[in-house]
Amino acid sequence: MKVFFKKLFSPRGQLKPKNHDLIPETREKMSTEFKKRLQNSADILENEIGVSGITLFSIGTLIDKTMLHRDIIDPLKELSFDSIQKIMEHLSIGEIEKSNQMEKAVQAALDGNVIIFLDGNSNVLLAKIPSRVGRSVSYAQNESQVIGPQLAFTESLMTNITLIRSYIKDTSLCIENLQVGSRTNKLVSIVYINGIVSEQMVGSLRKRIQEIKMDGILDSSVLEQLLAENSLTIFPQMALTERPDRVSDWLLKGKLAVFVDGSSLAIVCPQSFMEFFQSMEDSNVNWQIATFWRLLRFTALFLSVFFTALYVASLTFHYEVIPQTLLFTLSESRAKVPFPPIIEALLLEFIMELLREAGARLPTKVGQTMGIVGGIVIGTAAVEAGFTSNILIIIISLGALGSFVTPSYTMGNVIRIVRFPLIILAGFWGFYGMMFGFCFLLLHLLRQTSLGSPYLAPFYPPRFADWKDSIIRLPLSITNKRPDLTRAENEYKYDPIKAKKHN
């Protein structure tokens, strides 16, 4: 029995790899097994070098050919070796390791490694020389700002981590790597600052990522949907951003960031509803200007969601709320319109969404021209043909502008969609329908959470200390606490007593 367990378990108490998963000791068997596991793919490379039976196995489309010749082939081609260890000592590659498992070697090849095989040895070297496919660091396209840094993330995970480390040069910055996707094997990194972040949140996020069982995840936006606590809600529960300065600011507040290799967007959580209407530029200007901008955004939110519904409800059921002078103008404007207000409003909203979607899908220059010209031509033609009133066109345009003011693209999409059910409710039940829709949205938001934190914080539950940086933004000198939303271990950004003495 003792002999059985000694054979079954390795000295560390782990199961030994099965025989068919061990590295073959002959080049012919190694070549056959490697090609078999990769379905005899056309981009497999097999290079024989040196005089001691060294063979390199790799996937040509995943490795850097210049590094292959400069750092591996040239140093080894004129030498003779009798062991893998001596080859390893002779190479100057940063990432290199030894393995005796075929499955690990094949997976390493898929990650951009070269397998260095020495005939007669049961171990191989895995030298990482991946090809650098991707664009360089450029300007932010979707979250532009006037004051502050202009850099944006790229599709390279290492580049994105480098950008974060350039902002936060702290030994407490932690990076955890996980593999997600049984076929894509995407590298996912969790980034946080130890000593600030809540360990409970780190454990919860790590567990959610590890429990994902899918063939593949290609982008951060897909992972964000899988990590969300309520997949049925239309409201985003985690933030997606392309700005490294914004992610760094959130990390300093005790939040967590998740990066997916191959994606230019970072996931940040936990996130509250109010934070989707805050911009990084708010911190780069005086608090009076930042407060004005935030109040403007929240005004635009209510304008975008309720203005068209208010028009429909007023003209359908509640003429008495319209001033007499304005009522005369409205009646004159709608004299030739054959549709009731609800059909008129839904038709124009639908046309507006068509224009927006067409402009987003066309090439940039063509899309901008089509959006402007199409809006003017269709709007003018609709009024002249009597399909709609010119006042409703103004209302629809203001509502669209209100949704575009939102800094978050995902939240802007939500605002545009929420308008439609509110218009329908207003068309059937007037102000009562609008109030029903508002109460439903409010109750729905009250029930939502983001990584276990309340979605409507700091207003529900009430956290008065966090009101200093919510709808309004007070001076930075008095906003010394990190938000309670993150449940940070270190709740203070700086010592308020020392800062007061310094001032």
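Select D469: it is partly exposed, with a relative accessible area of 26% (buried means under 20% relative accessible area, exposed over 50%, partly exposed in between, with a 1.4 Å probe and protein chains only). This is a predicted model, in which local features need pLDDT of at least 70 and side-chain atom pairs count only at pLDDT 80 or more, while totals for chains, interfaces and linings use all residues. Residues are numbered from 1 along each chain as its sequence is written, and side-chain values use heavy atoms, with hydrogens and water left out.

Helices (H or I, at least four residues) and strands (E, at least two) are DSSP runs, numbered from the N terminus. R294 is buried, at 3% relative accessibility.

D466, D469, K481, R482 and P483 are the closest to the centre of the largest cavity, out of 20 lining residues. On a 1 Å grid over the protein atoms alone, a cavity is a set of points where a 1.4 Å probe fits but cannot get out, and lining residues have an atom within 4 Å of a point. The volume is about 280 Å³, taken as the space filled by probe spheres set on the points, which are joined across faces, edges and corners. What is the make-up of the lining? It has 7 nonpolar, 5 polar and 8 charged residues.

Now select M411. Setting aside neighbours within four places in sequence, M411 is in contact (heavy atoms within 4.5 Å) with F235, P236, F273, F276, F277, T406 and Y455. M411 is also among the residues that touch the most other members of the largest nonpolar core, which has 53 residues; V247, L251, F259 and F273 are the others. Such a core is a set of buried Ala, Val, Leu, Ile, Met, Phe, Trp, Tyr and Cys residues joined through side-chain atoms within 4.5 Å.

Finish at K35 and E46, whose side chains form a salt bridge of 3.5 Å, N to O. K35 is in helix α2 (residues 27–37) and E46 in strand β1 (residues 44–49). K35 is partly exposed at 32% relative accessibility, and E46 is partly exposed at 27%.

Definitions and conventions: On a 1 Å grid over the protein atoms alone, a cavity is a set of points where a 1.4 Å probe fits but cannot get out, and a pocket is an open set with protein on both sides within 12 Å along at least five of seven lines; lining residues have an atom within 4 Å of a point. Ala, Val, Leu, Ile, Met, Phe, Trp, Tyr, Cys and Pro count as nonpolar, Asp, Glu, Lys and Arg as charged, and the others, Gly among them, as polar. A salt bridge is a side-chain nitrogen of Lys or Arg within 4 Å of a carboxyl oxygen of Asp or Glu.
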